[in-house]
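Have a go at each one before you read the solution.

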Amino acid sequence: MRNKCSKDLNCVINILSIDGGGIRGVLPAEILIYVEKKLSELYKKDIKLSDHFDYVAGTSTGGILGALYCFPDENGKPKYSAKEASDLYMDYGSHIFKKEFRWFYTFNGLFGPRYRPNNIESLFETYFKDIRIKNATSDLMLPSIDTTQRDIYFFKSYKAELNEPHNIMFREAVRSTSAAPTYFRPNHLIIDGVDRSLIDGGMGVNNPTVSAYIEAKKIYTNVEKINVLSIGTGPLEMPFLYKVAKKWGVLSASKIFDINLNSMSDAVDHQMNTLYEKGDLVGEYLRINPKLIEGTSTKMDGASKKNLQMLKKSGKKSLKENKDKIDDFLNKTVIKKIILDKLHKKNKKG
């Protein structure tokens, strides 16, 4: 566990939370390229996201990004930059959601998952090797839904450090949190003797911000303030009118799935905003949910080369619209962190 809180000094913790949303992960990935660049400017040295964020939580596609940001190199330092994480989507998005014969004989997911997991599993193996989550460079949490136990299983790097049976490989944790129903089959794991069939965490915790906050309060015992940057994957803006919704049946599962993800994320944002505004939670809170430019597909598997570019443009546009808010948030959190780090060093010397 990378708990930097001193026993003698109260501390400030920075949390990064990223929603699920399939290929729309391009949106937060684009914004976080800027966040990493801005942080390097503020610290006056090259750093990566997990050098600043003490706790990273991500669901589904957000879990993929979070795992990349916290994946260690051979020296235990963050390996992948925000740009390299974004490149995974731009370079391999179409490969992950490649329409092969299975897509047709399942009738677009009606009689089984649309896509074979081979492509995405091979990609995860390339990026994550066999490294296990206790080696994460920041405290990392990825939620998944267990269809066998009928509960939520949280992959936690700090839990893995204390309990070896829960020290799962990065690639298995990421595969589990992103196993979206009707798109990919569940990931089957035996964890500490428990048989688990794991699907997309977005089915229960699409926006993991509240879960991340609660976990941070549990593991950082002397925390004084918790700053949270929460990034979504774009609102579902296309309305489903009553005359359409009243006819929904089994074939409408993907539409219901998308609405479920969107509404859960909005509910969590409302809760966090209310708690921070009332003063029940202390620190800085910023939620960015990028808007899609006209003509961009909101489909979770909308990974054509054209749509990937549209998503990237949408991310850049949202960044431009929210740049001042992001700069203000980062300025406040970095200044406090630098001051506290100096106090910690002074305290150790004393």
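**Exercise 1.** Work out which helix holds K312, and whether K312 is buried or exposed.

*Solution.* Start with the helix: K312 sits in α13, residues 305–349. Next, take the relative accessibility, which is 19% for K312, so this lysine counts as buried (buried is under 20% relative accessible area, exposed over 50%, partly exposed in between, with a 1.4 Å probe and protein chains only). Finally, skip the neighbours within four places in sequence, and K312 is in contact with V26, E30, S86 and M90 (contact means heavy atoms within 4.5 Å).

A quick note on ground rules: this is a predicted model, where local features need pLDDT of at least 70, side-chain atom pairs count only at pLDDT 80 or more, and totals for chains, interfaces and linings use all residues. Residues are numbered from 1 along each chain as its sequence is written, and side-chain values use heavy atoms, with hydrogens and water left out.

**Exercise 2.** Describe how α3 packs on α4.

*Solution.* First, get the geometry: α3 (residues 61–69) and α4 (residues 82–96) pack at about 140°, with axes 9 Å apart. The pair is therefore oblique (under 35 degrees is roughly parallel, over 145 roughly antiparallel, 65 to 115 roughly perpendicular, the rest oblique). Then list who touches: T61, I64, L65, L68 and Y69 from α3 meet A82, A85, L88 and Y89 from α4. Sorted by class, that contact has eight nonpolar, one polar and no charged residues.

**Exercise 3.** Find how many bridges join β3 to β4.

*Solution.* Count six bridges between β3 (residues 139–146) and β4 (residues 151–156), which run antiparallel.

Technical notes: Axes are lines fitted to C-alpha atoms, for helices over the stretch in contact, and angles run from 0 to 180 degrees between N-to-C directions. Helices (H or I, at least four residues) and strands (E, at least two) are DSSP runs, numbered from the N terminus. Ala, Val, Leu, Ile, Met, Phe, Trp, Tyr, Cys and Pro count as nonpolar, Asp, Glu, Lys and Arg as charged, and the others, Gly among them, as polar. Two strands pair if DSSP finds at least two bridges between them.
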